[in-house]
Amino acid sequence: MSDVVTVEIVGNAGLVAIDSPPVNAAGVAVRSGLFDAVTQLEANDAVSVIAIYAKGRTFIAGADIREFGKPPQEPGLGAVCGKLENCSKPVISILHGTPLGGGLEVAFSTHARVGIAGVRVGLPEVLLGILPGAGGTQRAPRLIGVDAAMEMITSGRHIPTAEAKELGLIDSIESGDPRDVAIASAEAVTNGTLATRRTCDVKVEVSDEIVASWKAKIEAKFPNLFSPHRCVEAVAASALPIDEGLKEERRLFMQCMDSPQRSGLIHAFFSERAVQKVPEAKETPRDIAAMAVIGGGTMGSGITTSALMAGLSVKLMERNDEAVEHARKTITGNLDGGVKRGKMKQEVRDDILNNKLTFTTDIAALDEADLIIEAVFEEMPIKKDIFTQLDKIAKPGAILASNTSYLDVNEIASATSRPQDVLGLHFFSPAHIMRLLEVIAAEKTAPEVTATGFALAKKLKKVGVRSEVCDGFIGNRILAHYRRVVDYMYMDGADFEQVDKALEAFGFAMGPFAVSDLAGLDIGWATRKRLAKTRSNRERVVDISDRICENGWFGRKTGKGFYVYDGKNRSVNPEIKAIEDSERAAAGVTPRNFTDEEIVDRYMTAMISEAARVVDDGTALRPIDVDAVFLFGYGFPRFRGGPLHYADTIGAQTLIDRIETYAKEDDYYWQVPDILRRMANDGSTFGDLN
């Protein structure tokens with residue numbers, strides 16, 4: 001038939017094989033090949049049943065990402081699905097690997113589905129800001145019921161084999177090679193042991209109560225998102241005759257396509273792949289068989305947990321036996337949490353604790369490690385002392401990494417005689433959960449060492465983003481800048497709870513004051529004290545947070561910060577008001593009201609300004625690297641695509657106008673980045689720089 005779809009006749013069965021590596025995506029060649037194959041076999045009197053299977057690692061894994069953003073080519077996937085469903089001969093599909101999105105919609109339109117053990121299916125379109133647009137919202141309810149279809153489509157989750165069979169997404173589970181299963185299943189259709197039916201002929205009951213319930217659930221869970229609400233409407237339309245339901249699905253699909261959220265979510269989707277394209281990618285990473293971590297606090301234990309869960313062996317060093325036991329307890333708790341969440345089996349957890357995790361209080365015991373990650377206090381003298389010791393005991397070729405959040409990796413590397421082996425690996429807390437890993441390439445870091453940092457990120461299932469050295473690297477440098485505007489608005493009269501709520505309504509999971517409480521107010525306090533001597537006398541200083549810290553209120557860890565914590569509940573700390581009033585009076589500030597819109601505009605403009613400078617001075621390779629840092633490490637709303645993708649929706653000139661307006665209050669803080677001027681002049685965007 002074609003290069004990617006071939007036809008074979010075995011007995012009375014017409015076998016259709018899809019072979020379009022790497023994942024048999026539903027590109028135009030696959031679509032046209034399927035359409036033509038079924039047309040040919042339907043006209044062949046020697047064929048009484050058609051079986052579709054795929055070679056390689058998976059049945060159709062979804063849309064072809066190479067076609068994203070390009071004009072559609074015929075036949076569309078909906079037409080292919082209609083061809084399969086309306087075929088006069090039974091058509092069955094053999095599913096293995098990960099038939100997702102359009103691949104599963106193809107299977108829905110066949111007359112029976114046979115799953116090969118281990119198959120995982122799903123309709124993840126909602127995660128890209130759209131909905132299943134080739135009949136998924138109409139056929140899924142007919143196969144598994146409205147309630148289950150609502151859950152499946154609005155969550156976008158992958159469904160394992162046994163559950164897929166239990167729900168009715170697949171009709172039977174078999175083992176073996178897809179071609180062999182296709183032949184056997186076609187025979188089962190012929191002898192009547194595998195029943196077939198057109199999905200469109202199945203009656204579906206859509207009750208007003210179920211639809212209303214799902215509308216309420218989605219409103220509560222995704223108040224800021226567009227496509228989940230359209231998914232509910234589309235599934236509700238399955239009460240209509242199939243042709244009418246498909247038209248309604250298409251109408252709602254196009255609404256999603258026209259939504260700015262779709263663009264943001266697609267950008268976020270591509271960012272995870274884009275950040276892997278670094279200059280060092282061509283280098284061969286060093287082997288990491290044995291790993292060591294220095295420091296068993298929250299961060300060190302989290303890094304250790306992440307490595308253990310990825311199958312690495314880790315030796316953790318702490319200063320004394322008491323600290324070792326604390327680290328052991330923390331790591332054990334992390335692993336137990338993984339078992340509870342279904343991330344690992346109990347026997348794997350036991351094997352890790354018995355065979356893959358060891359402890360020491362002697363730095364010399366780390367002499368066989370291929371990678372040593374230091375995760376101690378954020379103080380330069382302590383870190384340099386550790387690296388001086390590591391230089392003496394680490395084996396040749398061992399990589400020496402610092403988990404510093406802000407400090408100069410070049411200075412840390414200078415404490416060794418092997419700066420080429422030193423790099424920064426900035427994990428985000430909790431390190432065994434957060435996906436971001438900033439890989440900091442120092443001036444003398446060898447290219448293959450940087451490549452090893454990215455290989456480690458992949459091994460740990462994290463998103464590695466390359467950064468040059470500067471105070472705070474990409475994320476914390478930008479954070480330090482826009483966090484100041486939060487303090488300025490706070491000092492000028494914005495209620496901190498209002499600030500949090502306004503930014504949470506914008507889409508952040510937590511507002512900046514709640515985040516500070518979670519991270520620990522003492523961390524920011526230590527940074528401000530460290531940088532105080534470098535501060536310009538023109539810089540505006542707000543000391544409210546310092547006064548709070550002086551009371552020993554460091555946030556969640558002490559039970560009190562901006563908020564008071566009682567278990568999972570929080571309430572405003574009533575003692576903060578007196579500190580606010582005192583500091584405003586001392587600064588001669590008359591507080592004023594801020595609208596939620598003004599809070600968001602100032603916050604985002606400040607974030608974008610410093611993010612623009614990070615790209616312009618080369619700290620980040622591209623705007624999309626900045627976006628990835630904030631998507632995967634700072635809770636930036638995914639549907640907005642990242643700060644610089646969002647900046648393009650505002651426009652360079654509008655951002656300049658805002659900054660120049662704000663500069664009338666503070667022309668030291670509010671300065672227009674050069675890159676914005678250039679973009680406004682030539683009409684370019686941050687997207688162009690990707």
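Mentor: A pocket is an open set of points on a 1 Å grid over the protein atoms alone, where a 1.4 Å probe fits, with protein on both sides within 12 Å along at least five of seven lines. This is a predicted model, where local features need pLDDT of at least 70, side-chain atom pairs count only at pLDDT 80 or more, and totals for chains, interfaces and linings use all residues. Residues are numbered from 1 along each chain as its sequence is written, and side-chain values use heavy atoms, leaving out hydrogens and water.

Trainee: How much space lies in the second largest pocket?

Mentor: About 370 Å³, counted as the space filled by probe spheres set on the points, which are joined across faces, edges and corners.

Trainee: And which residues are closest to its centre?

Mentor: Gln276, Phe454, Ala455, Ala457 and Lys458 are the closest, out of 18 lining residues (an atom within 4 Å of a point).

Trainee: Which elements give two or more residues to that lining?

Mentor: Helix H17 (447–459) and strand E14 (463–467) do. The largest share, five residues, comes from H17. Helices (H or I, at least four residues) and strands (E, at least two) are DSSP runs.

Trainee: New topic: in what order do the strands of the open sheet run?

Mentor: The order of the six strands is E1-E2-E3-E4-E5-E6, with mixed pairing; a pair needs at least two DSSP bridges.

Trainee: In which sense do E1 and E2 pair?

Mentor: E1 and strand E2 (residues 13–18) are antiparallel, over six bridges. Valine 5, for instance, has isoleucine 18 in E2 as its bridge partner.
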